Amino acid sequence: MTSHSCLKLFGVFLLALALPDRGIGDEEHSHASELQRQSWTFTPPFGTFDNAQLQRGYHVYRDVCAQCHSMRLLSYRNLGEPGGPEFSAKVVETLAAQAQITDGPDDKGQMFQRPGRPSDRFRSPFPNDQAARAANNGALPPDLSVLAKARSGGPDYIYALLMGYRDPPPDFTLAPGMHYNEAFPGHQTAMPGLLRDGMVGYTDGTEKTLDNYAKDVSAFLMWTAEPKLEERHKVGTRVMVFLLVFAVIMYLAKRAVWVPLHRRRDGAKQSSSS
Amino acid sequence: MASHENSLDPIVLDDEDLSRRDVILIAAGGFTAIGTAAALWPLLDQMNPDASTLSLATTEVDISPIEVGQAITVMWRGKPIFIRHRTAQEIEQAKATPLDDLIDPLARNVNLPDDAPATDENRAVPEREPLLVMIGICTHLGCIPIGQAPGQYKGEYGGWFCPCHGSQYDTAGRVRIGPAPQNMYIPPYSFTSDTKIKIG
Amino acid sequence: MAHPSTYRPASGVAKWLDERLPVARVMHDQFMVYPTPRNLNYWWTFGGILTFMLVAQIVTGVVLAMHYIPAEDRAFDSVERIMRDVNWGWLLRYAHAVGASMFFLAVYVHTFRGLYYGSYKAPREVLWILGVLILLLMIATAFMGYSLPWGQMSFWAVTVITNLFSSLDAVIPGLGTTLVQWIWGGFSVGGPTLNRLYSLHYLFPFIIAGVVGLHIWALHVPGNNNPTGINVKSPAETVPFHPYYSIKDGFALVMFLLLFGALLFYAPNLLGHADNYIPANPLQTPPHIVPEWYFLPFYAILRAVPDKLLGVVTLLASIGVLFFVPWLDTSKVRSTSYRPIYKWFFWAFVVTCIALGYLGSQAPDGWYLFFGRVFTIYYFAFFLVVMPVLGKFERPRRLPGSITEAVLGHEASAAKPREREAVA
């Protein structure tokens, strides 16, 4: 096989990679293939996050989702780090201080509450899984930190889920306490469709619609799952450009070294070694 | 070796071939070196303190609950920080000590130049003399001196006493009896308000 | 390898060292002037690529080990800490994870090259066997490594695969259960299991490195095979490894790194499974437990057999049969280039492996199970029927007399048609 056909195959492969975060293990094939792809700002290879969108998404998370869903891998300081919502340092301190964090034990052996600091992890709505289940009819709201990578379809799936609440079709048996959802596997979930138009206050003029909430919080969840995405794309561009130039140089170098073997005494070319 | 008639023998390169070859080979070598160096950097940098450690590099302490004569210990970068609200008497004692009596004449205060003398003013913050903030680690071999809690033996100079080898510190945290060679260090800190200090 | 050494120490220090530990001499003889057939094609670059990948995995692995915590309640979070807080942690973690896939891609290409060109035939049988041993060690290492993030797939893959040993209960009652509990360090997969998998995962790559050393040694004794499968007849048919193949391997490596980089930077989770971002939950089994792609063919073979013990035996046999290939293939001709009938069976085997890979990712029922069985049968038939039988009856193409003839034959434009055919 020649280096040329290798290059062609490689090019095809690169094109295939332009799809955001697909998993080969999506063996529930029908589900993943029916999923509508949304347009996101962060698709590879050059995608970035939209700071304003992430900031709105954080507000949706905090005002609505965080009532039930923990996000224990995130710290308040992450909200100010590059590649994310990039709230200013002052805002990060304020957002942290708005949360009451459990700390301790103090000198008397008691746990106590204090305002959050940027270095603190996000406050969880429940102290443990059992409390979470007790408050939600036995269902455990999953931690959202890496949810966008823990579900095939990623942010497309999350968006479809949030937009997928409907009245159940007439022939569908809905178990008690469950809610019908078009995107959820099995079509019924313990999570109610809480988001409504106008529910979360947006201050940047973006329309307060369910669609925008769903988009913004899905993008936010992509960031919480992959906070280094922007850096990864940026470093990736540099590395790939370097490697491409390097490949050309190495190819020319290889040809230069092999000249004695490829050019015969009478000047005719021998078969180039493939 | 096969005879020169064998058309498989490598031909001799002419000067044009050689110089073109040299340029490309130098480029190839250069790129290899750059690539290796670039790959090496993350391998080294990953050992530096990570973001979660760096976020704990500063600690804010509310000093308003500390009564006169009381001391608290807080952790900063894994080290104990002694914060003592000194009595007037303790401040007097520290100020009255001639510098020649000190084992270590330097302030050891990172907020001041290295050669600042160990006067009481240089050990505390001007206008906030009652508050002494020190890294509570004995400069001999690293034990944590006692004297923070009420009732603990504070040594002959009323400051701190190190139980490991008997070093004794005065009310400004300066070593008065060895074997410790230096005064306890003052960490980088500043007052963010009348009641709060930020360490680090 | 029966070439006298041409190394001449360049300095006093070099001479001093050479008399005490001839490392430089060995490097010179085996990797600089080492006579290599001049007609090797790009399929021969994967050995160098594999060496690079082994070093890359060890280096990234050791560095990750500085941050990873092998305790069941901290493993998942420690990996996330690497991804979020450790400087360049995301790069190191993805390099290691994607690197494992690239490592297997290269080893499969390298193995198929060996099969196609008859590199396993005498006198290279030990070389081949060492290679299969390396593959086996790689499989073990990758399996253990995948458990470390302690996600749902990590946990349940370990549970399923270690449970296979309990099938030994059918042979000696109680043996399987005892063995499995010994592996687990408990009554189910848990913290002790994770800790020991971590320890062994750290160890095995160094065993692999040792076997790779033997593998290269076993190669250098007879020397490299080449695409014609004809032995080297004279030094004129060889070139020194350096600079000819060092530069060629270098170029191939950069191309390989382009693919590696494309995956790492733009689709690092493409080959992974979403369920492994869910922390391990012993009380909830994922709907479909699937191994990483490089294990899928073996997974399909395992599930093709309805009986548990026989399934395990078949799985082990699918790798075990590889050890016997030098003796299973009766053909006197090394290179498939000159075996027109066998060539069809070979490519059918390649298609079989790919098909088994796809089937391994699907639920084992209906048509998937049926074809899984069909392809499993062909997999074994290729080794146990095609190789021994065809070798005896196939009439190969006329072999070139030498590498020289094969290489020169290409531009023999007025060559006799028969001669042309011989160099296919």
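How many aromatic pairs does the structure hold over all chains? This is a predicted model, and over all its chains there are 56 aromatic pairs. Let's work through some of its rings together.

**Exercise 1.** Classify the aromatic pair formed by C:Y108 and C:W293, and find what parts of chain C the pair ties together.

*Solution.* 
- Step 1: The ring centres are 6.3 Å apart, and a pair needs centres within 6.5 Å.
- Step 2: The planes make an angle of 70°. Angles over 60 degrees count as edge-to-face, so C:Y108 and C:W293 form an edge-to-face pair.
- Step 3: C:Y108 belongs to helix α5 (residues 89-116), while C:W293 is in the loop between α10 (241-266) and α11 (296-304), so the pair ties together parts 185 residues apart in sequence.
- Step 4: C:Y108 has a relative accessible area of 17% and is buried; C:W293, at 22%, is partly exposed.

**Exercise 2.** Which rings of chain A have A:K215 and A:K254 over them?

*Solution.* 
- Step 1: A:K215 lies over the face of A:Y159, 5.9 Å from the ring centre.
- Step 2: A:K254 has its charged end over the ring of A:W258, at 5.0 Å from the centre.

Methods:
Residues are numbered from 1 along each chain as its sequence is written. Chains are lettered from A and ligands numbered from 1 in the order in which they are written. This is a predicted model: local features need pLDDT of at least 70, side-chain atom pairs count only at pLDDT 80 or more; totals for chains, interfaces and linings use all residues. Side-chain values use heavy atoms; hydrogens and water are left out. Rings of Phe, Tyr and Trp (its six-membered ring) pair if their centres lie within 6.5 Å; planes under 30 degrees apart count as stacked, over 60 as edge-to-face and the rest as tilted. Helices (H or I, at least four residues) and strands (E, at least two) are DSSP runs, numbered from the N terminus. Buried means under 20% relative accessible area, exposed over 50%, partly exposed in between (1.4 Å probe, protein chains only). A charge sits over a ring if NZ of Lys or CZ of Arg is within 6 Å of the ring centre and within 35 degrees of the ring normal.
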